[in-house]
Amino acid sequence: MSEELKRFICLGCGFLYDEALGLPEHGIAPGTRWADIPETWACPDCFTPKRLFVMVEIPYAADEPHLPRLGPIVSPPEPSLHVI
Amino acid sequence: MRAEARGYNKLQSTGPLASYISGHPEAVLIRHSSFNFGPYQAGRAGFGRLRVFGDEVFSGPGCGYNMHRHHNFIICAFVLQGELTHINTVGNVDRLTSGDYYAFSAGSGGKHCEVNLKNDDMHAIYMWFLPDQLLLPPSYRRSHFDALANRNQLVTLVGNADGALRVSQDVTVSRLSSDAVMALDYVPRSASHGVYVFVLEGEVHCDDVALARRDSRGIWGAERINLRTGPQETDLMIVETAP
């Protein structure tokens, strides 16, 4: 089994890299591991080099629309019909 | 940590940093960093949730940081001297003078500009905290520390206390301004919390360690920390943080 996807924060500005989300707008596909990003990569917001990011284990704020979908969307089961 | 052991940056508004540092001509921003920051990297990554502790002076009219983007970090500024103009994308244009302080939570994304529009130097302490949740809605709050009214009392500026600014993190920032010999025991919330003591002015004995102006000390695992101030004007800040 693959290791859990991780999150990294830029110490220069707080920019978040979430392995689950990747950065498609910067050519990094969702699911791309931090280790697979080149060492020459830098924060797209403040240009802080990759080595000055730190891994964080911080949950997303509740009700944020940015929550990553880690798996296929599963529909809730249909409520069973009760007839009295 | 002795004052001279901190990181030192002299940033100028002309040359390669012209787009980052505001002010003209030749405004100078002096930054002493207790922890790793920007080009200064001495291996002190931070202290618990506190990741930046900057002792900064903006010299020359217009000196400061141009509008730039942040996420997530809770940025606090405590103005010691002069006037700071703070502009952010939450919608605030604020002017802060001695004793004023703010907490700007960048959350899901926000920009800010920090600038000294006056001729006199502006001194401030900047702290950055990691938040307890990612991508929170951005927010800005400000308050004031009245050194005269709170003479010889430890006051909570940030944290869960009456009159303090609440932030989304298990941290507390307190300040003591004294003009008499004082002894007090600082009791952290738990033995797992760390306490970072920073002397703004005067001299403080922290347990058995003498700290002079701009010296600091970080302590983990203490049940209580004994602080003793001298008879002269003393001003100190205490940051308590979860690990």
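Buried means under 20% relative accessible area, exposed over 50%, and partly exposed in between, with a 1.4 Å probe and protein chains only. The model is predicted: local features need pLDDT of at least 70, side-chain atom pairs count only at pLDDT 80 or more, and totals for chains, interfaces and linings use all residues. Residues are numbered from 1 along each chain as its sequence is written, chains are lettered from A and ligands numbered from 1 in the order in which they are written, and side-chain values use heavy atoms, with hydrogens and water left out.

**View 1. Salt bridge between B:R95 and B:E83.** The closest N and O atoms of this pair are 2.9 Å apart; a salt bridge is a side-chain nitrogen of Lys or Arg within 4 Å of a carboxyl oxygen of Asp or Glu. B:R95 lies in strand 8 (residues 93-96) of chain B and B:E83 in the loop between strand 6 (74-81) and strand 7 (84-88), so the pair ties together parts that are 12 residues apart in sequence. Strands (E, at least two residues) and helices (H or I, at least four) are DSSP runs, numbered from the N terminus. B:R95 counts as partly exposed because its relative accessibility is 45%, whereas B:E83 is buried at 15%.

**View 2. Salt bridge between B:R213 and B:E201.** The side chains meet at 3.0 Å, N to O. B:R213 sits in the loop between strand 18 (209-211) and strand 19 (216-220) of chain B, and B:E201 in strand 16 (residues 194-201), so parts that are 12 residues apart in sequence are tied together. Both residues are partly exposed, B:R213 with a relative accessible area of 44% and B:E201 with 33%. Salt bridges that share partners join B:R6, B:D55, B:E201, B:R213 and B:R214 into one network. Over all chains the count comes to 17 salt bridges.

**View 3. Salt bridge between B:R69 and A:D45.** The closest N and O atoms are 3.4 Å apart. B:R69 lies in strand 5 (residues 63-70) of chain B and A:D45 in the loop between strand 2 (16-18) and strand 3 (53-56) of chain A, so the pair joins two chains. B:R69 counts as partly exposed at 38% relative accessibility, as does A:D45 at 27%. The count between chain A and chain B is one salt bridge.

**View 4. The side of chain A that touches chain B.** Strand 1 (residues 7-10) of chain A gives the most to this side, with three residues. The residues of this side divide into 13 nonpolar, three polar and three charged; Ala, Val, Leu, Ile, Met, Phe, Trp, Tyr, Cys and Pro count as nonpolar, Asp, Glu, Lys and Arg as charged, and the others, Gly among them, as polar. In contact (heavy atoms within 4.5 Å) are 19 residues of chain A and 19 residues of chain B. A:L11, A:C13 and A:I58 supply 30% of the area that chain A buries against chain B, more than any other three residues. Buried area is the accessible area (1.4 Å probe) that two parts lose on being put together, summed over both. Between chain A and chain B this area is about 1,500 Å², of which carbon and sulfur atoms give 65%.

View 5. B:S174 counts as buried because its relative accessibility is 2%. Not counting residues up to four places away in sequence, B:S174 touches B:L154, B:V155, B:T156, B:L157, B:Y186, B:L236, B:M237 and B:I238.
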